[in-house]
Amino acid sequence: MASAVQKSALLLCGDYMEAYETIVPLYVLQSFGVSVHCVSPNRNAGDRCVMSAHDFLGLELYTELVVDQLTLNANFDDVTPENYDVIIIPGGRFTELLSADEKCVDLVARFAESKKLIFTSCHSQVMLMAAGILAGGVKCTAFESIKPLIELSGGEWWQQPGIQSMFEITDCVKDGNFMSTVGWPTLGHGIKLLLESLGGKVCSLEKKQASVLFLIGDYVEDYGINVPFRALQALGCKVDAVTPNKKKGEVCATAVYDLEDGRQIPAEKRGHNFFVTASWDDICVDDYDCVVVPGGRSPELLVMNEKAVALVKSFAEKDKVFAAIGQGKLLLAATGVLKGKRCASGEGMKVMVKVAGGEAVMEKGCVTDGKVVTAASATDLPAFLFDLSTALGLTVMF
């Protein structure tokens, strides 16, 4: 997705930042050619920050789950706001610490003074309060517990009308150069607004709305479903996620894979819940241009389900676009889609690709062969989004 203008973003990080609100903007912007520097005070490039998942697990308040770590790629002390178009501050408890850090507060204030874009999510609006940015009635939204602080700081609280629960919220708000979202449920619209604010324009070669179906199940890989799902929403695609034995509105548990020090393979940790957006019996293959199978352990469930296998075969008969991440290739292997195809693969999927009649490509994180797009793992999502968007006839130009 070559663009005439190079855009750059600064991602302000810290321990226990919300993983979803960090990884989705990071990978989506990178896939569209935006340079993203991840920094944290008193840390340097190569250091890591712990990330957490916040979700409602049957209690009155959300639960915090420690998931994995993000490696920083730039030094905080080298940051100059003039070199960036936007600063992105995810939610999470780290903002409480950073809001008392003079260097961080000053950095946010300098972005505001320079009329640069500032994107906040969930709880990170506290950084706007600390920098005195909300005074004068700046319109702002956040997780509802932040409402009194926004109003006490001189801001104007905004809430999407007609909402019964936070999971119905899809919108976010922009006031001048300040963008705020309630949290990860609104990131599809939030990323769309961010791309537009950066001057991004979505171009479609097909001159029609692309439609994409995600096949998932319990323990689908967290980033493997959430990043492409929200990215395609931001591009204006119709996107649905289904699973054979659950109805619209029910949830699938997700998993995050964290390669801990000294381990041969990543540890599996519980991630966010993902809401199924359509019921299985309502799905018609003709309504979609592409089927995507994310990784995690859910492909093991799907490959044992006759309805899931039959649906993928129906997509193959109609010459649709196929995409799979990591273990998602298992379902494509079982339905003959990988036969004769070059596929991006890690060591763990090498044998599976071979016995399915495909060619495992180890040196590339993402490979497109005809109408089959594959990624080796969730860390290859920026390249995967680039290739998948291209296969759907979509580009983003700045």
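Helices here are DSSP runs of H or I with at least four residues, strands are runs of E with at least two, and both are numbered from the N terminus. Keep in mind that this is a predicted model: local features need pLDDT of at least 70, side-chain atom pairs count only at pLDDT 80 or more, and totals for chains, interfaces and linings use all residues. Residues are numbered from 1 along each chain as its sequence is written, and side-chain values use heavy atoms, with hydrogens and water left out.

**Domain record**

- UniProt, in an unreviewed entry, puts the feature "domain: DJ-1/PfpI" at residues 7-186 and 211-389. Its positions are given in the numbering used here, feature names are shortened, and annotations may be inferred rather than shown by experiment.

**Helix 1 against helix 12**

- The axes of helix 1 (residues 19-31) and helix 12 (residues 381-391) come within 8 Å and cross at roughly 50 degrees. Axes are lines fitted to C-alpha atoms, for helices over the stretch in contact, and angles run from 0 to 180 degrees between N-to-C directions.
- That makes helix 1 oblique to helix 12; angles under 35 degrees count as roughly parallel, over 145 as roughly antiparallel, 65 to 115 as roughly perpendicular, and the rest as oblique.
- Helix 1 makes a right-handed crossing with helix 12 (right-handed if the near helix is turned clockwise from the far one by less than a right angle, left-handed if anticlockwise).
- Tyr27, Val28, Gln30 and Ser31 of helix 1 meet Leu381, Pro382, Leu385 and Phe386 of helix 12, where contact means heavy atoms within 4.5 Å.
- By class, that contact has six nonpolar, two polar and no charged residues. Ala, Val, Leu, Ile, Met, Phe, Trp, Tyr, Cys and Pro count as nonpolar, Asp, Glu, Lys and Arg as charged, and the others, Gly among them, as polar.

**Helix 6 against helix 7**

- Helix 6 (residues 187-197) packs on helix 7 (residues 222-234) at about 50 degrees, with the axes 8 Å apart, so this pair is oblique.
- The crossing of helix 6 with helix 7 is right-handed.
- Gly188, Ile191, Lys192 and Leu195 of helix 6 touch Arg230, Gln233 and Ala234 of helix 7: three nonpolar, two polar and two charged residues.

**Around Cys38**

- Cys38 lies in strand 3 (residues 35-39) and is buried at 2% relative accessible area (buried is under 20%, exposed over 50%, partly exposed in between, with a 1.4 Å probe and protein chains only).
- Leaving aside neighbours within four places in sequence, Cys38 contacts Leu11, Cys13, Leu26, Leu70, Leu72, Asn73 and Ala74.
- Gly14 is 24 residues from Cys38 along the chain, with 9.8 Å between their C-alpha atoms.
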